[in-house]
Amino acid sequence: NNNNNNLKTKSVEIWTSMINGLVENRLTKESFELFEKMKTENVIPNSVTYTCILKGLIQSNNSEAFKIISQEVIKKKINISDENLECILINGFSKFGELEMTKQIFNNTRFRTIEIYTAMLDCFADHGHTDEALNLFNEMIEKGIQPDRIAFNCILNCCSHASMIDKANHYYKLMQNVYKIIPDTQHQNCIVDLLSRQGKLDEAENFIEKEMQNPDLTTWISLLGACRNYIDVKRAERVFQSFH
């Protein structure tokens with residue numbers, strides 16, 4: 001019996017490895033066909049298999065198949081305490097507009113790691129649910145989970161889209177002064193985007209000059225877009241010269 005179990009386990013691992021290889025090479029159709037064939041061979045997918053196949057379905061924007069396989073996971077009570085599987089479910093339901101399902105998955109997680117919190121923060125940011133994102137971020141800190149650079153990127157992105165300059169500045173300072181995280185270009189672009197859209201062009205330009213070592217195309221597009229919206233031709237010419 002032990003030998004049979006070992007063979008089955010090994011078999012699942014081999015199938016999963018092949019499916020993962022196809023997903024990594026963005027061969028989603030082939031990975032899905034292999035996943036279906038695996039089940040006809042009476043090999044039961046595990047949480048890693050489901051994580052791989054769901055990742056492929058998210059990549060290929062196949063919302064219908066994603067929802068079907070996700071319901072299979074939930075109905076069969078596959079090991080949902082697998083952090084990677086939980087994150088994939090949250091990411092997928094968020095991407096396909098199923099916010100209530102995303103919340104349900106998150107609320108049912110037993111061990112909320114930084115990765116789980118970040119996946120949910122990203123969901124709230126994408127859907128413009130700023131208050132929920134801010135509350136979740138604070139809950140995470142209260143629970144003693146240290147936010148990482150990805151979590152800060154999510155919360156700054158939220159503040160930017162909600163035009164919350166004071167909040168954004170608060171989190172930008174918090175990540176440096178308390179959590180000793182050096183902001184990268186993504187974090188800084190959130191601030192530039194926020195200041196630019198609010199018409200604070202002097203502040204945005206000063207921020208780029210003083211804070212940013214590696215402004216990228218996104219940085220300049222934010223500021224140039226604001227120059228156009230607020231009809232600031234001289235600044236637009238100066239900005240254009242900076243990166244041309």
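Helices (H or I, at least four residues) and strands (E, at least two) are taken as DSSP runs and numbered from the N terminus. The structure is a predicted model, in which local features need pLDDT of at least 70 and side-chain atom pairs count only at pLDDT 80 or more, while totals for chains, interfaces and linings use all residues. Residues are numbered from 1 along each chain as its sequence is written, and side-chain values use heavy atoms, with hydrogens and water left out.

The chain contains 14 helices and zero strands. Its C-alpha trace spans about 75 × 40 × 30 Å along the principal axes. Of the 244 residues, 45% are buried (under 20% relative accessible area, with exposed over 50% and partly exposed in between; 1.4 Å probe, protein chains only). The accessible surface, from the Shrake-Rupley method with a 1.4 Å probe, amounts to about 13,700 Å², and carbon and sulfur atoms account for 49% of that area. With contact defined as heavy atoms within 4.5 Å, 58% of the contacts between residues at least 6 apart in sequence join residues at least 24 apart.

Charges were assigned with Lys and Arg as positive and Asp and Glu as negative, His and the chain ends not being counted. Each charge was placed at NZ of Lys, CZ of Arg, CG of Asp or CD of Glu. The mean positions of the 27 positive and 32 negative charges lie 3 Å apart.

Rings of Phe, Tyr and Trp (its six-membered ring) were paired if their centres lie within 6.5 Å; planes under 30 degrees apart count as stacked, over 60 as edge-to-face and the rest as tilted. In one of them, the ring centres of Phe35 and Tyr50 are 5.7 Å apart and the planes stand at 70 degrees, so the pair is edge-to-face. Because Phe35 belongs to helix 2 (residues 28–40) and Tyr50 to helix 3 (residues 47–59), the pair ties together parts that are 15 residues apart in sequence. Phe35 and Tyr50 are both buried. One aromatic cluster is formed by Phe137, Phe152, Tyr171 and Tyr179.

A charge was taken to sit over a ring if NZ of Lys or CZ of Arg is within 6 Å of the ring centre and within 35 degrees of the ring normal. Arg112 lies over the face of Phe106, at 4.1 Å from the ring centre.

Ser94 is located in helix 5 (residues 83–95). This residue counts as buried because its relative accessibility is 7%. Leaving aside residues up to four places away in sequence, Ser94 touches Thr102, Cys123, Asp126 and His127.
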